[in-house]
Amino acid sequence: MTASRDQIEAAQLERLQWTVNYAYANVPLYKEKFDAHGVHPSDLKELDDLAKFPYTEKEDLRKTYPFGMFAVPQSQVTRIHASSGTTGLPTVVGYTAEDIGNWADLVARCLRLSGVKPGDKVHNAYGYGLFTGGLGAHYGAERLGATVIPMSGGQTEKQIQLIQDFEPDAILATPTYLLAIADAMQKMGLDPRATSLKTAVLGAEPWTQEMRRELEQAWDLNACDIYGLSEVMGPGVAGESCETKDGSHIWEDHFRPEIIDPFDASQTMRDGEPGELVFTSLTKQALPIIRYRTHDLTRLLPGTATPGHRRMGRITGRSDDMIILRGVNLFPSQIEEIALGIRGLSPHFQLELTRPKIMDELTVRIEAREDCEADRRVSAAAELKHAIKVRVGSSCTIEVVDPGTLARSSGKLKRIHDLRGLKAGEDPRDKR
């Protein structure tokens, strides 16, 4: 973590050259893509030459389902994970024993940077199973020397019982699920601020600074981000410092990040310019990944807590989660940021897209806080509608609903409900 920028870039070039050669020789899809693109591994002579190589998309992993992207024989694959596959075939990823060891090391780096210490008790509320979050975080916490409580997601009352009885120092979860646990505790007459928790390491969803303040105030702890995605490794690709809280530092001795224009992928953006995040793995054996388009929107900034490693600005959204409403681009994180600045509105909201006639319409359904009176709900709805119109440039309908009305997260929360395909006469609320 203390290497200089020059040392990191020297290691990156050497490892990049190994990776493109290795992928070309062992993954038929990469040989096909490189040849079709008119590029050869020998063309990578300096770091900027990476831009000559083609991108990898999620569809590439689906096209080669289940194991066509693996670069090693099945006998060398120690573990297999997969995405949920809610929008098609799941994306399948594999790990050698060395990959698992590197993964654990990088998650341990993230946890330590975020304030978790050897000997701490860590309550892991990420889902276990094919999702990379639970086991990835588990192995990293053990590698750090922490005591792991492998709770997994869901069973919120059991989560609360174990947090009270086992007195963990840290919790690992999605931000919306940590919020759901706090809400459930308060409904039981318990104070989340009175628990033993001092640190929360949160990921798997974009979340705003306003959400950080909400969670830190609710729990009286430090909340830090951890970033990753299964196609690149899982959690632990980047982590945030509890001292600076200024974005996640990318472990660039294992990954080479780029920022590209999401609407013109031929354009690579300079550091500091916003765009879509792209990753190339540098050390992965089972599943090397070349220029993988994450669809996460952010920017690259100089390192602070670990100066040799660049950091990501906070994820502002995903290009494939972007709502285009009457020509205006809108992300759920924008609604979260605005709503949490309005008195009486909670962080619990859903976005419903409908097309009752010719034009798309957006309804923001958001819960009031417990102490929000009827008159305040009306004025808060008007404030939110006006702020969205002014700051985002889009008109929408606001429905302020009772506390506890909307579904709570037990993992990744679905914010956007696209109901534009309903048949005439169907009630959108029947499709929730």
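Predicted model: local features only at pLDDT ≥ 70, side-chain atom pairs only at ≥ 80, totals over all residues.
Me: Which residues of α10 are buried?
Reply: R376, A380, A381, L384, A387 and I388 are the buried residues of α10. Seen down the helix axis, they fall within an arc of 140 degrees, so they line one face of α10.

Me: Why would residues three or four places apart point the same way?
Reply: An α-helix has 3.6 residues a turn, so residues at that spacing point the same way.

Me: What about the other side of α10, which residues are exposed there?
Reply: On that side, D375, V378, H386 and V390 are exposed.

Me: What covers the buried residues of α10?
Reply: The cover includes the helix α9 (332–339) and the strands β19 (345–354), β20 (361–368) and β21 (397–401).

Me: Changing topic: what volume does the second largest pocket have?
Reply: Its volume is about 500 Å³.

Me: How many residues line the second largest pocket, and which lie nearest its centre?
Reply: The lining has 26 residues, of which D183, Q186, E214, P347 and R369 lie nearest the centre. By class, 9 residues of the lining are nonpolar, 5 polar and 12 charged.

Me: Which elements each supply at least two residues of that lining?
Reply: The helices α7 (175–187) and α8 (209–219) do, as do the strands β19 and β20. β19 and β20 are also among the elements that cover the buried residues of α10.

How values were computed:
Residues numbered from 1 in each chain as written. Heavy atoms only, no water. Buried < 20%, exposed > 50% of the residue type's maximum accessible area, 1.4 Å probe, protein only. Helix = DSSP H or I, 4+ residues; strand = E, 2+ residues; numbered from the N terminus. Arc of directions from axis to C-beta. Contact = heavy atoms within 4.5 Å. 1 Å grid on protein atoms, 1.4 Å probe; cavity = no way out; pocket = protein on both sides within 12 Å on 5 of 7 lines; lining within 4 Å. Points joined across faces, edges and corners; volume = space filled by probe spheres on them. Nonpolar A, V, L, I, M, F, W, Y, C, P; charged D, E, K, R; others polar.
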